[in-house]
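Please keep the structure in view while reading.

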Amino acid sequence: MSGFGFETLALLAAVGFAGPLVASLPRLRIPLIVGELLAGLVLGKTGFSVLDESNPTFQLFANIGFALVMFVAGTHVPVRNPDVRGALPRALARAVLCGVVATALGVALAWYFGTGHAALYAVLMTSSSAALALPVIGSLRLQGPSVLSLTAQIAIADTACVVLLPLVIDLSRAPTAALGALAIAACAGLVYLVLLAVDRRGWRQRAHDFSEDHKFALELRTNLLVLFALAALALSTHVSIMLAGFALGLVIASVGEPRRLARQLFGITEGFFGPLFFVWLGASLHVRELGAHPKLILLGVALGLGAVSAHCVGRLLGQPISLAVLSAAQLGVPVAAATIGNQENLLAPGEGSALMLGALLTVAATSIAGALAARRQPATGADGAAPSDKRE
């Protein structure tokens, strides 16, 4: 399908249902994105080539989805939770220890497979996904000090690895990427200060009430304006839009995300742009290349097992093994690595698919570990790990 019209949009909206269908399978706890990625694989390069992932309009819509997905992921980081902040020292120690082990594993894997991507593999195996792990923790009602410490560890790893990925995926561009990242951070910091000042003067609440009374959706409009401006800055400074989305998400999480905005973001992201992005990502992956390069299947398995192994070193610092495996959940960083790598031709043929294979293995491990943790630590009442930080 070379064009991109309403028929393509209708097709994308239809195949987006693959996510809920797969996620609805009883007891398997399969994330939504698995079904969406599979739909993209079937309709893209790997399958029937119905979707042309190189279409400029399709790419633009996918980039909007990418920015929104990372934005929502940033809002999931519990930066305002004082209990989580109190657990930072031990969580930081575990994250650093995990990074050391992941670095050693990354060097070994890059040498064995001859890819030269040791730094990239290290960041991938160190990463955690707040957007994936925190809902699992909430749905299983896991509680207690060890869960609070786990939440802090995931927040640290997720934030650090999102910042590091643009710097390590192409080391030749690292200085430029670092300057671009600083520019994004500076702009995000400025937005935070402005929102803080507006909030303290009560203007934000008044604007919220006025918008709600008149159905103007001013908060959503404002956040999309800032998000797209940061994305434009990211592209102009050769930094991935993932950093722009995640940075703004952290800012909104820091000042407190109104529930109405959360619902609006959920609708626009999970209802259309998020599924479209993951379908596009699946369509852009050429899994057949894994068959042509069987060694890359071993790379994907090694990355998944390496990530779980690296996070299991938290056991040395007293972390329960089930929670250590749960912290290995990966989503945003591998997705971003595959997306950036395929767009910029930074990865070998099939390597992006190998990265996604490794991520899916951590998702499977997380599902099993979460179930085991829930059995050993039955909870009563609401989730004590990451209470809602959203305001009315």
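In which crossing, right-handed or left-handed, does α6 pass α9? In this predicted model, α6 passes α9 in a right-handed crossing.

**Contact of α6 with α9**
- Helix α6 spans residues 88–113 and helix α9 spans residues 145–168; their axes come within 8 Å and cross at roughly 55 degrees. The angle therefore makes α6 oblique to α9.
- On the α6 side, the residues are L88, R90, A91, L92, R94 and A95, and they meet S149, L150, A152, Q153 and I156 in α9.
- By class, the residues of this contact divide into seven nonpolar, two polar and two charged.

**Contact of α16 with α19**
- Helix α16 (residues 294–312) packs with helix α19 (residues 351–376) at an angle of about 40 degrees, the axes being 7 Å apart. For that reason α16 is oblique to α19.
- The crossing of α16 and α19 is right-handed.
- Residues of α16 in the contact include L296, G300, L303 and A307, and those of α19 include E351, L355, G358 and T362.
- The contact of α16 with α19 has twelve nonpolar, four polar and one charged residues.

**Second largest pocket**
- The volume of the second largest pocket is about 500 Å³.
- Its lining comprises 23 residues, of which L235, V239, S240, I241 and E344 lie nearest the centre of the pocket.
- At least two lining residues come from each of α4 (56–75), α12 (218–236) and α18 (332–343).
- The lining of the second largest pocket has 16 nonpolar, four polar and three charged residues.

How values were computed:
Residues are numbered from 1 along each chain as its sequence is written. This is a predicted model: local features need pLDDT of at least 70, side-chain atom pairs count only at pLDDT 80 or more; totals for chains, interfaces and linings use all residues. Side-chain values use heavy atoms; hydrogens and water are left out. Axes are lines fitted to C-alpha atoms, for helices over the stretch in contact, and angles run from 0 to 180 degrees between N-to-C directions. Helices (H or I, at least four residues) and strands (E, at least two) are DSSP runs, numbered from the N terminus. Angles under 35 degrees count as roughly parallel, over 145 as roughly antiparallel, 65 to 115 as roughly perpendicular and the rest as oblique. A crossing is left-handed if the near helix is turned anticlockwise from the far one by less than a right angle, and right-handed if clockwise. Contact means heavy atoms within 4.5 Å. Ala, Val, Leu, Ile, Met, Phe, Trp, Tyr, Cys and Pro count as nonpolar, Asp, Glu, Lys and Arg as charged, and the others, Gly among them, as polar. On a 1 Å grid over the protein atoms alone, a cavity is a set of points where a 1.4 Å probe fits but cannot get out, and a pocket is an open set with protein on both sides within 12 Å along at least five of seven lines; lining residues have an atom within 4 Å of a point. Grid points are joined across faces, edges and corners, and a volume is the space filled by probe spheres set on the points.
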